[in-house]
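Here are my notes on this structure, for someone meeting it for the first time. Please read them with the model open.

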Amino acid sequence: MTNFFLVVVMVLSLLILVYLYRVIQGPTVFDRVLGLNGISTKAIILVVVIGTVYDRVDMFVDISTGYALLNLVGAFAIAKFLEQRGTP
Amino acid sequence: MTSSFPKQLLFNTLALFGVWLVLSGRYDLFHVVIGFMVACGVAWLNTGFAHSAFHQFPWVRAVLYVPWLFLRVVQSSLHLTKLILSPSLPIRPKLIFYRSHLRHQGAMVMLGNSVTLTPGTITVEVNGSHLLVHTIDEEAGEDLTSGRMEKKIAQVFQEETKDR
Amino acid sequence: MTVLAVVFILLGLFFLVVAAIGTLRLPDVFARSHAVSLTDSLGAFCVLFGLALYQGFGINMFKILVVLALLFLLNPVIAHATLRAAYRAGVKPQAEENS
């Protein structure tokens, strides 16, 4: 079962690379912000999967909850800043 | 139906204490008592503000609305999957101005959130009761433009929309 | 239970891969955000629900479901904030408008 979860971790990491391409390449700033949002969602899932591998889900779930809330605050800050500045 | 201060206080305390019980994971006497005291304090600090949209929020019917929304999410996800995987990429993006008749502010929040949660439609701008919705396809936006989603949410907020 | 969990996780991985392909293929910000929304809704739901099933009934299952509910509540808000900023900053979508 551990091997299966390790494969899941590897697939998620490869997907993060795909989103990283979007972050680096994206034509506008908002593409990059969107890519970061996708990466953070993947990272939340990744943390829970790693917790399942180590059999310590109760601790890792708290970390992923904090990550989700921090992601919300960060995305709001970036969106508000770009909205006020007004240039793409 | 503005509920009274003690009722709100009790409701907030129970909600916060439930969150504590789920997240702490330790059930000896010390942690439960500490959690209950903290929940009481935070609820007392946060109760009694005048016109919050969540004072009249019908939580029970809102929870009953969730399974229908989830069914729609699954259906439109499958539709979007088909669109992305087809080689010719047959998307026809469109901006729709939608005027909703919902009065309650929480209902507008719920409508906008439901539209954004459903893949294929995203709320771009909200101005009063006007929504600007970006849809990727005719079929994806059909649920909103036919007014089905708004009718469901009006059912959830039945009393409040009738009262005013 | 374990078999059901594995099936759910594989289904979720399929949706996540489809969403990644979508972010590569779709033409502009507004269309790409649909793909990210697909990730958030169905992909994350299937993977996390599979993990919750794998844990079995208990406190861990409820904790994972709390994370799931948090994702469902917060991710539409983030997508809407980003797109509103894009629209107000003057990024025009490739779309026809009607009123």
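This is a predicted model: local features need pLDDT of at least 70, side-chain atom pairs count only at pLDDT 80 or more; totals for chains, interfaces and linings use all residues.

1. The side chains of C:Lys63 and A:Asp62 meet, with N to O at 3.7 Å. C:Lys63 sits in helix H3 of chain C and A:Asp62 in helix H3 of chain A, so the pair joins two chains.

2. How accessible are the two partners? C:Lys63 has a relative accessibility of 4% and counts as buried, because the cut-off for that class is under 20%. A:Asp62 is partly exposed, with a relative accessible area of 35%.

3. Next, the interface that this pair belongs to. On one side, 41 residues of chain C take part; they are in contact with 45 residues of chain A. Together the two chains bury about 3,800 Å². Of that area, 78% is on carbon and sulfur atoms. The size of an interface is often given in this way, as the accessible area lost when the parts come together.

4. How many salt bridges cross between chain C and chain A? The rule finds 4. The count of residue pairs in polar contact between chain C and chain A is 4, with both residues at pLDDT 80 or more. Over all chains, the salt bridges come to 7.

5. Which helices of chain C supply its side of this interface? H3(C) gives the most, with 16 residues. By type, the residues on this side of chain C divide into 28 nonpolar, 8 polar and 5 charged.

6. Now go to A:Glu83. This residue lies in helix H3 of chain A, which covers residues 57–85. Its side chain forms a salt bridge with that of C:Arg88, N to O at 2.8 Å. The two side chains also make a polar contact, at 2.8 Å.

7. Is A:Glu83 buried or exposed? A:Glu83 is buried, with a relative accessible area of 16%. Leaving aside neighbours within four places in sequence, A:Glu83 is in contact with C:Arg84, C:Ala85 and C:Arg88.

8. C:Arg88 has another partner to check. C:Arg88 forms a salt bridge with B:Glu125, and the closest N and O atoms are 2.6 Å apart. This pair crosses between chains, from helix H3 of chain C to strand S2 (residues 121–127) of chain B. C:Arg88 is partly exposed at 42% relative accessible area. B:Glu125 is buried at 14%.

9. A:Glu83, B:Glu125, C:Arg84 and C:Arg88 are linked in a network of salt bridges.

10. Chain B has a salt bridge of its own to look at. B:Glu138 pairs with B:Lys94, the closest N and O atoms being 3.3 Å apart. B:Glu138 lies in helix H5 (residues 138–145) and B:Lys94 in strand S1 of chain B, so the pair ties together parts that are 44 residues apart in sequence. B:Glu138 counts as partly exposed, at 45% relative accessibility.

11. Turn to the nonpolar side of the model. The largest nonpolar core has 95 residues. Which residues have the most contacts inside this core? They are B:Ile153 and C:Leu51. Not counting residues up to four places away in sequence, B:Ile153 touches B:Tyr65, B:Leu102, B:Ala107, B:Met110, B:Leu111 and B:Ser114. In soluble globular proteins, nonpolar side chains tend to be buried together.

12. Two backbone angles deserve a look. A:Asp55 has a phi near 65°, a positive value in a residue other than glycine. A:Asp55 is found in the loop between helix H2 (29–54) and H3 of chain A. This residue is exposed, with a relative accessible area of 61%.

13. The other angle is in chain B. B:Leu89 is not a glycine, yet its phi is positive, about 55°. B:Leu89 is found in the loop between helix H3 (59–85) and strand S1 (94–99) of chain B. B:Leu89 is buried, with a relative accessible area of 19%.

Methods. Residues are numbered from 1 along each chain as its sequence is written. Chains are lettered from A and ligands numbered from 1 in the order in which they are written. Side-chain values use heavy atoms; hydrogens and water are left out. Contact means heavy atoms within 4.5 Å. Buried area is the accessible area (1.4 Å probe) that two parts lose on being put together, summed over both. A polar contact is a pair of N or O atoms within 3.5 Å; within protein, one must be able to donate a hydrogen and the other to accept it, and residues adjacent in sequence count only if both atoms are side-chain atoms. Helices (H or I, at least four residues) and strands (E, at least two) are DSSP runs, numbered from the N terminus. Ala, Val, Leu, Ile, Met, Phe, Trp, Tyr, Cys and Pro count as nonpolar, Asp, Glu, Lys and Arg as charged, and the others, Gly among them, as polar. Buried means under 20% relative accessible area, exposed over 50%, partly exposed in between (1.4 Å probe, protein chains only). A nonpolar core is a set of buried Ala, Val, Leu, Ile, Met, Phe, Trp, Tyr and Cys residues joined through side-chain atoms within 4.5 Å.
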